[in-house]
Amino acid sequence: MSSACPQPAKLLPSLLRCPAKVKRRGNRTPSLLSEPRVRSDRDKFVIFLDVKHFSPEDLTVKVQEDFVEIHGKHNERQDDHGYISREFHRRYRLPSNVDQSALSCTLSADGMLTFTGPKIQTGLDATHGERAIPVSREEKPSSAPSS
């Protein structure tokens, strides 16, 4: 009998997670955030991240060396099912030809965070170091591609 996710005999089955067998309800995903989308083409590097449960004040976006770090945290609040607090950390390596002096980050009205870095011509050196990237709020819904 073959299985998409073999289970070691010494582990409790209730502690194992098998992505091939995850049941979904409607469009909801089992994780805190839907999967991010990262796009790197000839002209720019873009990260799309659904952070609809967070306000701009709950989000921190910073660049350190060749990485962008996105952190979101909100304190306990009431929802339809009781009380919940959320926190996430994401870290992405920036391509070496991203112009770190021209990075931007926006949060759409529907909760889509878009981090964008234009790419520079080959041969020019991008500025590296640590700096914070402010998150600005847009009043319109995101135009991010759907997955």
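How many salt bridges does the count come to by this rule? Four, where a salt bridge is a side-chain nitrogen of Lys or Arg within 4 Å of a carboxyl oxygen of Asp or Glu. I'll take you through three of them in a moment, but some housekeeping comes before that.

What you see above is a predicted model, in which local features need pLDDT of at least 70 and side-chain atom pairs count only at pLDDT 80 or more, while totals for chains, interfaces and linings use all residues. Residues are numbered from 1 along each chain as its sequence is written, and side-chain values use heavy atoms, with hydrogens and water left out.

Okay, the sheet. There's an open one made of five strands, running β1-β2-β7-β6-β9, and its pairing is mixed. At the edges sit β1 (37-40) and β9 (136-137), each of which pairs on one side only. When I say strand, I mean a DSSP run of E, at least two residues, numbered from the N terminus; two strands pair if DSSP finds at least two bridges between them. Inside that sheet, β2 and β7 (residues 112-118) run antiparallel to each other over seven bridges. If you want a spot to look at, I47 stands opposite F115 in β7.

Now over to β4 and β5. Strand β4 covers residues 67-79, strand β5 covers 82-93, and they pair in the antiparallel sense over eleven bridges. A hairpin of two residues joins β4 to β5. Along that pairing, I70 has R90 in β5 as its bridge partner.

Side chains of opposite charge can pair when their charged atoms come close. Let's start with E69 and R91, whose side chains meet in a salt bridge at 3.6 Å, N to O. E69 is in strand β4 and R91 in strand β5, so this pair ties together parts that are 22 residues apart in sequence. For exposure, I'm using relative accessible area: buried is under 20%, exposed is over 50%, and partly exposed is in between, with a 1.4 Å probe and protein chains only. E69 comes out partly exposed at 22%, and R91 is exposed at 54%.

R91 has something else going on: its charged end sits over the ring of F67, 3.8 Å from the ring centre. The rule there is NZ of Lys or CZ of Arg within 6 Å of the ring centre and within 35 degrees of the ring normal.

Next, K52 and D50 meet in a salt bridge at 3.1 Å, N to O. K52 is exposed at 53%, whereas D50 is buried at 13%. Then there's D43 with R42, where the closest N and O atoms are 3.7 Å apart. D43 is partly exposed at 49%, and R42 is exposed at 74%.

Last stop, the aromatics. How many aromatic pairs are there by the rule? One, with the rule being that ring centres of Phe, Tyr and Trp (its six-membered ring) lie within 6.5 Å; planes under 30 degrees apart are stacked, over 60 edge-to-face, and the rest tilted. The pair is F54 with F88, edge-to-face, 5.2 Å centre to centre with 75 degrees between the planes. F54 lies in the loop between β2 (44-50) and β3, and F88 in β5, so the pair ties together parts 34 residues apart in sequence. Both F54 and F88 are buried.

Notes: Helix = DSSP H or I, 4+ residues; strand = E, 2+ residues; numbered from the N terminus.
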